[in-house]
Amino acid sequence: MLCPFCKNQNTDVIETRDNEELSAVRRRRECVSCKKRFTTYERVEEVIAYVSKKDGIQERFSTEKLKKGLMDACRKTKVQYGDLEKIINAVTEALYAKPNLTIMSREIGEIVASELKKIDKVAYIRFASVFREFVDIGDFKRELKQVK
């Protein structure tokens with residue numbers, strides 16, 4: 001690692017710590033030459049993955065977009081943030097298991113619906129009404145019968 005102060009290549013790692021989201025490793029370093037300390041972060045290079053929509057369009061997979069949709073479905077329910085993270089991880093694992101890193105939006109919806117159904121029925125119905133495109137009260141009634 002290059003020292004940002006004197007540009008020496010020889011530095012020592014003094015301390016290593018994971019960040020809270022476990023998405024990076026924080027390292028405190030000291031330059032062997034000038035003795036100044038600095039912090040570096042080590043992250044896994046982002047792998048670009050895609051979602052294939054039902055209209056055929058592909059867009060970049062976004063955990064933030066998935067999280068926003070989940071938070072909308074789970075607003076004012078007992079679903080905890082940790083539960084949302086587990087669902088996001090399940091979707092991400094399914095995506096990275098794909099050889100071409102492309103997942104159908106329908107597959108994402110099925111994973112999310114399946115997980116929400118186990119956690120909170122209200123959040124599940126909210127999500128299902130958008131995912132399955134309910135058009136009338138009959139659609140809600142049919143889904144509610146299956147949930148009971």
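How many bridges join strand 1 and strand 2, and in which sense do the two strands pair? Over 7 bridges, in the antiparallel sense. The close-ups below start from this pairing. The model shown is predicted, so local features need pLDDT of at least 70 and side-chain atom pairs count only at pLDDT 80 or more, while totals for chains, interfaces and linings use all residues. Residues are numbered from 1 along each chain as its sequence is written, and side-chain values use heavy atoms, with hydrogens and water left out.

View 1. The strands run in the order 1-2-3, with antiparallel pairing. Strand 1 (11-18) and strand 3 (37-43) are the edge strands, each pairing on one side only. From one strand to the next, the twist averages 25°. Strand 2 covers residues 24-31, and its Cys31 is the bridge partner of Thr11. Strands of a sheet pair through backbone hydrogen bonds, either parallel or antiparallel. Here, strands are DSSP runs of E with at least two residues, helices are runs of H or I with at least four residues, and both are numbered from the N terminus. Two strands pair if DSSP finds at least two bridges between them.

View 2. A disulfide is a covalent bond between the sulfur atoms of two cysteines; the cut-off used is a pair of cysteine sulfur atoms within 2.5 Å. The structure holds 0 disulfides. Cys3 is in none, and its nearest cysteine sulfur, that of Cys34, is 3.8 Å away. Cys3 counts as buried, at 1% relative accessibility, whereas Cys34 counts as partly exposed, at 27%. (Buried means under 20% relative accessible area, exposed over 50%, and partly exposed in between, with a 1.4 Å probe and protein chains only.)

View 3. A search of the whole structure finds 13 salt bridges, each a side-chain nitrogen of Lys or Arg within 4 Å of a carboxyl oxygen of Asp or Glu. In one of them, Glu15 meets Arg17, with the closest N and O atoms 2.7 Å apart. Glu15 is partly exposed at 32%, and so is Arg17 at 45%. Another joins Glu42 to Arg27 at 2.9 Å. This pair links distant parts of the chain, with Glu42 in strand 3 and Arg27 in strand 2, 15 residues apart. Lys53 and Glu59 form a further salt bridge, at 3.9 Å, and a network of salt bridges links Lys53, Glu59 and Lys65.

**View 4. A nonpolar surface patch.** Ile137, Phe140 and Leu144 make a patch of about 270 Å². Phe140 lies in helix 5 (residues 137-147) and is partly exposed, with a relative accessible area of 31%. Patch residues have over 30% relative accessible area and no salt bridge, with like charges joined within 9 Å and nonpolar side chains (Val, Leu, Ile, Met, Phe, Trp, Tyr) within 5 Å. Accessible areas come from the Shrake-Rupley method with a 1.4 Å probe, and for residues only the protein chains shown count as cover.

How values were computed: Axes are lines fitted to C-alpha atoms, for helices over the stretch in contact, and angles run from 0 to 180 degrees between N-to-C directions.
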